[in-house]
Amino acid sequence: MVPIKLANLLAKNSCSKWNRRRLLRVLCRYGYRMMAKYYAKHPIQINRYEHELHNDYPWPYSDPRFASWEEDDGALITDPANFVIRHSTSYCAWRINELTGEWPTNRVIPRDDTHAQEIARRERPRDARYWLEFLQAQNCFIEVVDDITTINRSDYYIGINPNYGEFGLIVWFEYLFYDHDTKGTALISTYENKQYVCKEVLLTDFTWVKIGKKAAR
């Protein structure tokens, strides 16, 4: 079977909209995720069609032919961190996994009862707009950058703009263009409207979080 056909067969049968058998849904979800894990290690074999060799978001997630149906509650395709694919949250979750070897899956621990109630009222608690506190709950979190002039080209950062569009936007820091005579810009990569994007942005448009792989104790 052609890989994309197999991936779509597994994806469709992982959804409650088309498959009422929970155990089979779980197995199919495991199946397409294992395909992504395999092709993340063998990208050239499958990704040449994209003409985006710099985009290492793994196949089949990156393939627009994969799970191309309309998104609704019964037909969402997710990565191992349970983020819907081809959104900025899934893309950055993948980059964290690529860097640290772990998917960001830790739940946000409420600070107090008021915070717990606020989280409970959120329609989509895993949206990009909430990623500052989400990252703070992850093992990869190092610090929030208070002064953008301290951003280092050799370090790893995720930028968060909670006011971007309807759901907010998170981006992966690629390269720094900081100039002390300007506000400073950075090259970032992300997903917008289910499309891979690599562009220059103002550093001041985002809250930057430094992340990394922490040494084992």
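1. Start with the pairing around strand 4: Y175 sits opposite L187 of that strand. The contact belongs to an antiparallel pairing in which strand 3 (residues 169-176) and strand 4 are joined by 4 bridges. Bear in mind that this is a predicted model.

2. On to strand 5 (residues 195-202), which runs antiparallel to strand 4 and is joined to it by 8 bridges. Here I188 faces K199 of strand 5. The two strands make a hairpin with 2 residues between them, and N193 in the turn has a positive phi of about 55°.

3. How covered is strand 4 (residues 185-192)? Mostly: 7 of its 8 residues are buried.

4. Stepping back, there are 6 strands in an open sheet, ordered 1-6-2-3-4-5, with antiparallel pairing. From one strand to the next, the twist averages 35°.

5. V144 is opposite V209 of strand 6. Helix 4 (residues 88-100) packs on the sheet and touches strands 2, 3, 4, 5 and 6; its direction makes about 50° with that of strand 3.

6. A word on confidence. The protein has a mean pLDDT of 90, with 90% of its residues at 70 or more. Strand 2 (residues 156-161) has the highest confidence, at 98, while helix 3 (residues 44-47) has the lowest, at a mean of 53.

Technical notes. Residues are numbered from 1 along each chain as its sequence is written. This is a predicted model: local features need pLDDT of at least 70, side-chain atom pairs count only at pLDDT 80 or more; totals for chains, interfaces and linings use all residues. Side-chain values use heavy atoms; hydrogens and water are left out. pLDDT is the predictor's confidence in each residue, from 0 to 100. Buried means under 20% relative accessible area, exposed over 50%, partly exposed in between (1.4 Å probe, protein chains only). Two strands pair if DSSP finds at least two bridges between them. Axes are lines fitted to C-alpha atoms, for helices over the stretch in contact, and angles run from 0 to 180 degrees between N-to-C directions. Contact means heavy atoms within 4.5 Å.
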